Number of protein chains: 2
Amino acid sequence: MGKKDVAIGIDIGGTNTAIGFVDTEGNCIHKTTISTNGKEPAENFFERLKKRINSLLEATSNELILKGIGIGAPNANYYNGTVEYPPNLSWGYINVIDILKKDFNVPAAITNDANAAAIGEMKFGAAKDMRDFIIITLGTGVGSGLVCNGRLVYGADGFAGEIGHTIYDPNGRICGCGRKGCLETYASAGGIRRTVLEMLEKSDSPSSLRKINPEELTSKKIYETAMQGDRIALDAFEYTGKVLGTKLADSVAHTSPEAIILFGGLAAAGDLIFEPTKRHMENCLLNVFKNKVKIIPSALQEGDAAVLGAGALIWNELEKEQCAGN
Amino acid sequence: MGKKDVAIGIDIGGTNTAIGFVDTEGNCIHKTTISTNGKEPAENFFERLKKRINSLLEATSNELILKGIGIGAPNANYYNGTVEYPPNLSWGYINVIDILKKDFNVPAAITNDANAAAIGEMKFGAAKDMRDFIIITLGTGVGSGLVCNGRLVYGADGFAGEIGHTIYDPNGRICGCGRKGCLETYASAGGIRRTVLEMLEKSDSPSSLRKINPEELTSKKIYETAMQGDRIALDAFEYTGKVLGTKLADSVAHTSPEAIILFGGLAAAGDLIFEPTKRHMENCLLNVFKNKVKIIPSALQEGDAAVLGAGALIWNELEKEQCAGN
């Protein structure tokens with residue numbers, strides 16, 4: 001039996017780093033994780049990463065051929081191959097691609113997690129035949145990746161796709177970025193939590209959310225409470241969808257995507273978030289864009305999506321090289 | 001002497017239609033205009049257009065070879081080759097490319113005027129070596145064209161680039177599109193006029209703008225009055241720059257352009273509009289984008305820009321075909 005071509009997909013998260021082999025069909029095999037330990041120097045992390053990958057490669061050398069390595073990481077710059085001052089890691093400015101190319105001598109590429117997710121959806125997921133779409137990742141923060149003319153938009157500096165930091169309300173909530181009213185402060189896991197706490201404070205209506213200690217209030221608990229019909233929890237999803245839909249109408253006016261894919265924690269709330277987002281977006285759209293733009297969930301398997309996206313990134317690069325060579 | 005390759009550039013405006021030959025270096029020769037007469041049926045217009053072009057071709061047949069026709073027009077759809085229900089023309093839905101290909105048997109392409117301007121700047125103007133930029137046309141309306149990865153963004157339906165209809169204030173001014181608070185209602189020629197009228201009504205401060213009959217108040221007069229140091233006129237430019245700069249920060253967060261080119265009527269006010277736009281944009285930018293994005297004027301000659309853009313559109317198409325053929 002012949003050996004199978006695979007890429008390694010690496011998703012560097014604040015707490016854990018997931019590693020897996022991704023084949024050309026989008027199967028994720030031999031997945032494993034190491035702790036990121038962001039407080040340690042980067043050298044330690046990459047030494048541990050190298051050891052783990054080497055033991056994976058040794059164990060699979062009879063079946064798999066490594067063709068490249070793709071990485072999704074916070075504050076990653078595709079053009080420079082760097083991670084630049086990530087907020088939750090003590091790494092400073094570090095060239096990840098140089099390190100991995102030296103260690104493994106195969107092509108490597110890096111981008112941020114939302115961009116990796118976009119390429120994952122384009123190659124293996126919900127955007128397979130699309131040339132123009134946007135992915136919005138609703139997690140701890142709000143990330144985004146834009147694809148136009150079949151290509152990911154990196155922009156002049158490699159940092160395009162910060163829809164989470166477009167402004168919903170210039171006098172609104174303080175954002176971690178130092179400004180006010182960013183979409184992220186409303187449509188992230190922390191954002192819906194803030195919405196609930198505001199609503200509980202402003203109203204006297206009964207809600208089982210009142211029984212939860214504010215420190216223990218999570219978006220998952222808000223979801224569960226909404227599913228039980230709790231008014232405040234339902235209103236919080238409605239409000240989140242209103243803010244998200246309103247801002248997405250502006251995004252549509254920029255790049256007129258065929259679809260917007262919602263991905264990550266909050267997107268798992270299904271109709272609770274999709275329905276109000278779609279309704280408010282339609283309400284805010286310029287006529288020419290009405291009833292055209294789909295809002296759809298990711299089609300990548302939740303647990304594997306980030307590693308698949310990272311793997312898809314390098315498959316995409318290898319394809320581009322092949323085209324350029326012809 | 002050999003003959004010179006030229007494209008015909010056609011800029012269909014609400015009142016007049018400009019026609020000219022555009023060579024590969026971006027020279028505009030033998031420019032002429034016909035009246036658009038938007039109330040007449042489209043057939044009459046295209047009959048007159050055909051006659052004018054034929055007489056141009058006859059007069060120049062010894063020196064020029066026609067390689068293609070590019071058109072800039074309101075509500076044009078690049079993918080369909082159509083003009084679709086333009087607000088100031090009684091044409092309805094009409095396939096312009098079919099008509100012109102039948103009449104002249106050369107390649108033809110159409111897009112809206114802002115997109116044509118973007119391609120004009122990319123081929124012959126201020127964006128010659130840029131792969132990522134945005135053009136904003138500040139005229140009767142506010143149009144825009146986005147270039148990402150060296151290619152114009154048309155989006156899924158051909159109508160991408162409606163930054164003029166992103167929302168500045170959801171409770172703001174009524175827009176011609178039927179919604180409220182669009183950027184266009186502030187940053188267009190009519191927008192700054194509305195700003196001045198509001199300011200004159202709200203304040204008692206002396207202004208020579210009070211001597212102008214509201215019906216005769218134009219953006220040009222506001223500019224001239226501002227240049228004489230009139231406070232209200234200066235404040236109106238400051239406010240216009242604030243609105244424009246604020247919204248452009250959102251656009252930067254989408255596509256991270258190397259530059260934003262301001263084009264058209266209001267852009268002719270120079271520093272009066274560039275300075276506050278840049279200042280407010282910088283003020284609103286996410287840290288990672290600060291001090292990176294240039295705001296620059298068009299480098300196409302004012303009178304020829306629209307025809308050059310339309311000509312550049314078809315040169316761009318012919319180049320793409322050549323690349324695809326290799």
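**Strands, rings and symmetry**

Let me start in chain A, where strand S1 and strand S2 (residues 16–23) pair in the antiparallel sense, with seven bridges between them. Please note that this is a predicted model. S1(A) and S2(A) form a hairpin, and three residues lie between the two strands.

On which strand does S1(A) pair in the parallel sense? That partner is strand S4 of chain A, residues 64–72, and the pairing runs over eight bridges. Val6(A) illustrates both pairings: its bridge partner in S2(A) is Asp23(A), while in S4(A) the partner is Leu66(A).

I turn now to a sheet in chain B. Five strands make up an open sheet with mixed pairing, in the order S11-S10-S9-S12-S13. Its edge strands are S11 (151–152) and S13 (294–297) of chain B, each of which pairs on one side only. Within this sheet, strand S9 (residues 133–138) and strand S12 (residues 259–263) of chain B run parallel and are joined by five bridges. Ile135(B) stands opposite Ile261(B) in S12(B). Across S12 and S13 of chain B lies helix H8, residues 271–284, which runs at about 165 degrees to S13(B).

The next topic is the aromatic rings. How many aromatic pairs are there over all chains? With ring centres required to lie within 6.5 Å, the count comes to 18. One of them joins Phe45(B) and Trp91(B): the ring centres are 5.0 Å apart and the planes stand at 35 degrees, so this pair is classed as tilted. Phe45(B) belongs to helix H1 (residues 42–60) of chain B, whereas Trp91(B) sits in the loop between strand S6 (82–84) and strand S7 (93–95) of chain B; the pair therefore ties together parts that are 46 residues apart in sequence. Are these two residues buried or exposed? Both Phe45(B) and Trp91(B) are buried. In chain A, ring pairs link Phe45(A), Phe46(A) and Trp91(A) into a cluster.

Finally, I come to the relation between the two chains. Chain A can be laid on chain B with an RMSD of 0.1 Å, using a turn of 180 degrees and a shift of 0.0 Å along the axis. The two copies are therefore related as by a two-fold rotation axis. The same surface serves both copies, since 100% of the contact residues of chain A recur in chain B.

Note on methods:
Residues are numbered from 1 along each chain as its sequence is written. Chains are lettered from A and ligands numbered from 1 in the order in which they are written. This is a predicted model: local features need pLDDT of at least 70, side-chain atom pairs count only at pLDDT 80 or more; totals for chains, interfaces and linings use all residues. Side-chain values use heavy atoms; hydrogens and water are left out. Copies are superposed by least squares on the C-alpha atoms of residues with pLDDT of at least 70 in both. Contact means heavy atoms within 4.5 Å. Rings of Phe, Tyr and Trp (its six-membered ring) pair if their centres lie within 6.5 Å; planes under 30 degrees apart count as stacked, over 60 as edge-to-face and the rest as tilted. Helices (H or I, at least four residues) and strands (E, at least two) are DSSP runs, numbered from the N terminus. Buried means under 20% relative accessible area, exposed over 50%, partly exposed in between (1.4 Å probe, protein chains only). Two strands pair if DSSP finds at least two bridges between them. Axes are lines fitted to C-alpha atoms, for helices over the stretch in contact, and angles run from 0 to 180 degrees between N-to-C directions.
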